[in-house]
Amino acid sequence: RVGFIRSGGSMIAVKYLGPYQDSSGYGEATRNAIMALTTAGADICTEKIAFTKHHSDSPSVRTIDELSERKPDYKIKILHVTPDLYKNHIEKNKYNIGHLFWETDKLPSSWVPSCNLLNEVWTGSELNAKAIRSSGVTVPIYIYPQSINTDIPEVRPYRIKGFDGLLFYSIFEWKERKNPRALLDSFWKEFKGMTDVALLIKAHIGDYEKEGVEKILHEARLWKNTLGFKDTPKVFICTNHLTYEEKHRLHKTGVCFVSSHRGEGWGLPQVEAALHTKSIISTKYGGVHEHWTAKQYKPVDFDLVPIKQIYNKYYEPGMQWAEINQEDLRKKMRRIYDVWSNPKSRGILKITANAARNYVKTFFSYQVVGKAMLERLQEIEKGL
């Protein structure tokens, strides 16, 4: 049962718009924000939009579906959609807030006028806030970390037939921003000829159509063949759509989460890995990486470089993102392997992993983030 916090004798009524049923990181971020505000005591009703064909079976979906039936007298609306859609969903005579996360050093120029139609913007890091401001957004910007359900399910790991050793793993959508080639090249080069280390990649393209699966497998084989090694270490690639439980089982299976991304609006898989007390290696750029230090994960060095090609409709000339130092990525993976290889020293890995887990539980929980966001909503309501 959720207890409600009252302000001025009444609950803070809010409508929250977003793809809360989508089986995606975007959908999960929406669900978590709604659950955080609900947990803190906001009187929430929801409005649904969909960006994917697959629906999540996350336990929070049913709760949020029930909120869609509610009709409180709200004065505040939060829009958790891309800014190109703001104009379709901004409500007159309401206080409209954009909940926005982005991965490069500038927003798409077409988003700026849309953002300036809002009353304010919420984002997750100072890096994001700087990108939003420097792009020309003039409305107030507030920073709140993405919340997450810190009570993860008890699940058993998968067994990988024919392999017994250190398993690195990664979860991402197969696209240039996630930089899969750098991850595979670095892994294959660093552990060439070794059989007691492997990499498990959970990847997809779009809505998991056959063409996307074929593209992933084709590119991975092409990059492997380009290296010309005859003794590359094993890489397992999973392209299936996973249920909520299966996703957590995958986290449970790996030893170290690794990402070679070029920029994150937040980094949900990294945070989930932390809750599973996994070692984490990730590019030190964007989102959660601004909140963590080397006490919580192994940050990979990078250079900020221009985006050379327009990979999607939102990227533009003049934008920059992170290009990892592959030597540093290899060094960080090798360090994890060396420590793990000695059973007596594996406790060293747990120190950093526990620090990340404790940080997430302390600062990213529904209760903590929800309370911070609710306090801002109370300030807004008092001024209306």
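# Close-up views of helices and strands

**View 1. Where helix α6 meets helix α7.** On the α6 side, P180, R181, L184, D185, W188 and K189 meet A220, W223, K224, T226 and L227 of α7, where contact means that heavy atoms lie within 4.5 Å. The residues of this contact divide into 6 nonpolar, 1 polar and 4 charged, with Ala, Val, Leu, Ile, Met, Phe, Trp, Tyr, Cys and Pro counted as nonpolar, Asp, Glu, Lys and Arg as charged, and the others, Gly among them, as polar. The model shown here is predicted, so that local features need pLDDT of at least 70 and side-chain atom pairs count only at pLDDT 80 or more, while totals for chains, interfaces and linings use all residues. Residues are numbered from 1 along each chain as its sequence is written, and side-chain values use heavy atoms, with hydrogens and water left out. Helices (H or I, at least four residues) and strands (E, at least two) are DSSP runs, numbered from the N terminus.

**View 2. The crossing of α6 and α7.** Two packed helices are described by the angle between their axes and the distance between the axes. Here the axes of α6 (residues 180–190) and α7 (residues 210–227) come within 10 Å and cross at roughly 40°; axes are lines fitted to C-alpha atoms, for helices over the stretch in contact, and angles run from 0 to 180 degrees between N-to-C directions. The two helices, α6 and α7, are therefore oblique to each other, given that angles under 35 degrees count as roughly parallel, over 145 as roughly antiparallel, 65 to 115 as roughly perpendicular and the rest as oblique. The crossing in which α6 passes α7 is right-handed, a term used if the near helix is turned clockwise from the far one by less than a right angle, with anticlockwise giving left-handed.

**View 3. An open sheet of 6 strands.** In this sheet the strands follow the order β11-β10-β9-β12-β13-β14, with parallel pairing; two strands pair if DSSP finds at least two bridges between them. Because β11 (234–238) and β14 (298–300) stand at the edges with a single partner strand each, one side of each is left without a neighbour in the sheet. On average, and with direction ignored, neighbouring strands of this sheet are turned by 20° against each other. Helix α6 lies across β9, β10 (197–204), β11 and β12 (256–259), and runs at about 170° to β10.

View 4. F168 belongs to β9 (residues 166–173), and its relative accessibility of 0% is why it counts as buried; buried means under 20% relative accessible area, exposed over 50% and partly exposed in between (1.4 Å probe, protein chains only). Residues up to four places away in sequence left aside, F168 touches F187, F191, V197, A198, L199, L200, C256, V258, I281, M333 and I336. One of these contacts, L200, is 32 residues from F168 in sequence, with 6.2 Å between their C-alpha atoms.

View 5. Strand β5 (residues 76–79) pairs in the parallel sense with β3 (residues 13–18) over 4 bridges, and V14 has I76 as its bridge partner in β5. Strand β5 also pairs with β6 (residues 95–99), again in the parallel sense and over 4 bridges; in β6, Y95 is the bridge partner of I76 and N96 that of K77. Between β6 and β7 (residues 120–123) there are 3 bridges, also in the parallel sense, and G98 stands opposite V121 of β7.

**View 6. Side-chain directions in β5 and β6.** In a regular strand the side chains alternate between the two faces of the sheet. In β5, I76 and I78 point one way and K77 and L79 the other way, all of them buried. In β6, Y95, I97 and H99 point one way, whereas N96 and G98 point the other way. Since 5 of the 5 residues of β6 are buried, β6 is largely enclosed by the rest of the structure.

**View 7. Helices α8 and α9.** Helix α9 (residues 268–275) is mostly covered, with 8 of its 8 residues buried, and these buried residues pack against α1 (25–40), β9, α8, β12, β13 and α11 (347–363). After α9 comes T277, which has a positive phi, near 55°. In α8 (residues 244–253) lies K247, which counts as buried because its relative accessibility is 19%. Neighbours within four places in sequence aside, K247 is in contact with E28, L242 and E272, and E272 is among the buried residues of α9.
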